Amino acid sequence: HFVFNRDYRIDSILFREVIGSVTNAFYFKPTYDRVFFSGGDWTVGGGAGLLMAFASIPEGAPGGKRPLGLEPSLDLWAKWGEHLTLRADGAMLFPLDGLDRASTGQEAGPAGALRIRAQVGF
């Protein structure tokens, strides 16, 4: 049984909130990130990503199937100097058959998350 470090964050909802960590899965996450503005002490940027996750062993998923979900995300950030970063990110999880409850036939519904953070580095 292999589990990634719990601080390994690749998404906002599926592995962070629903499953708890990256385990019994493989995923693809193409992303795009760019700087929109850079002047003085300020740098502003953002990006988008799409996580596609699948169970390595389908029997280990709640629905007993390989596809777990799709999670598109958007990110906007601003940095002031070297020490202050403000970040807002949002994501939407669209669960697939692997997250349905096989024992009851209940289908998993979509979920969303929005996080706003201020980080001070020292």
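Biologist: How much space lies in the second largest pocket?

Modeller: About 300 Å³. A pocket here is an open set of points on a 1 Å grid over the protein atoms alone, where a 1.4 Å probe fits, with protein on both sides within 12 Å along at least five of seven lines; lining residues have an atom within 4 Å of a point. Grid points are joined across faces, edges and corners, and the volume is the space filled by probe spheres set on the points.

Biologist: What kind of model is this, and how are residues numbered?

Modeller: It is a predicted model, in which local features need pLDDT of at least 70 and side-chain atom pairs count only at pLDDT 80 or more, while totals for chains, interfaces and linings use all residues. Numbering runs from 1 along each chain as its sequence is written, and side-chain values use heavy atoms, with hydrogens and water left out.

Biologist: Back to the second largest pocket. Which residues lie nearest its centre?

Modeller: V18, I19, A61, P62 and L99, out of 18 lining residues. The elements that give two or more residues to that lining are α1 (14-19) and β5. Helices (H or I, at least four residues) and strands (E, at least two) are DSSP runs, numbered from the N terminus.

Biologist: How does the lining of the second largest pocket divide by class?

Modeller: Into 10 nonpolar, five polar and three charged residues. Ala, Val, Leu, Ile, Met, Phe, Trp, Tyr, Cys and Pro count as nonpolar, Asp, Glu, Lys and Arg as charged, and the others, Gly among them, as polar.

Biologist: And the largest pocket, what is its volume?

Modeller: About 370 Å³. Its lining has 21 residues, with S12, K29, S73, D75 and D89 nearest the centre. By class, that lining holds five nonpolar, five polar and 11 charged residues.

Biologist: Which strands supply the lining of the largest pocket?

Modeller: β2 (31-39), β3 (42-55), β4 (67-80), β5 (84-95) and β6 (111-120) each give at least two residues to it.

Biologist: What share of the protein is buried?

Modeller: 29% of the 122 residues. Buried means under 20% relative accessible area, exposed over 50%, and partly exposed in between (1.4 Å probe, protein chains only).

Biologist: What share of the contacts comes from residues 24 or more positions apart?

Modeller: 52% of the contacts with a separation of 6 or more. A contact is heavy atoms within 4.5 Å.

Biologist: New topic. How many aromatic pairs turn up in the whole structure?

Modeller: Four. One of them is F26 with F28, edge-to-face, at 6.2 Å centre to centre and 85° between the planes. F28 also pairs edge-to-face with F54, at 6.4 Å and 70°. For the cut-offs, rings of Phe, Tyr and Trp (its six-membered ring) pair if their centres lie within 6.5 Å; planes under 30 degrees apart count as stacked, over 60 as edge-to-face and the rest as tilted.

Biologist: Which residues form one aromatic cluster there?

Modeller: F26, F28 and F54. F26 is partly exposed at 34% relative accessibility, F28 is partly exposed at 47%, and F54 is partly exposed at 23%.

Biologist: What lies over the face of W77?

Modeller: K79, at 5.2 Å from the ring centre. A charge sits over a ring if NZ of Lys or CZ of Arg is within 6 Å of the ring centre and within 35 degrees of the ring normal.

Biologist: Next, R115: buried or exposed?

Modeller: Buried, at 18% relative accessibility. R115 is in strand β6 and touches S12, R16, E17, R87, A88 and D89, not counting residues up to four places away in sequence.

Biologist: What about D11, where does it sit?

Modeller: In the segment before α1. D11 is buried, with a relative accessible area of 7%. Leaving aside neighbours within four places in sequence, D11 is in contact with R16, K29, L51 and E71.

Biologist: And what is F36 in contact with?

Modeller: V44, G45, G46 and L76, again leaving aside neighbours within four places in sequence. F36 is in strand β2. F36 and D100 are 64 residues apart in sequence and 40 Å apart in space, C-alpha to C-alpha.
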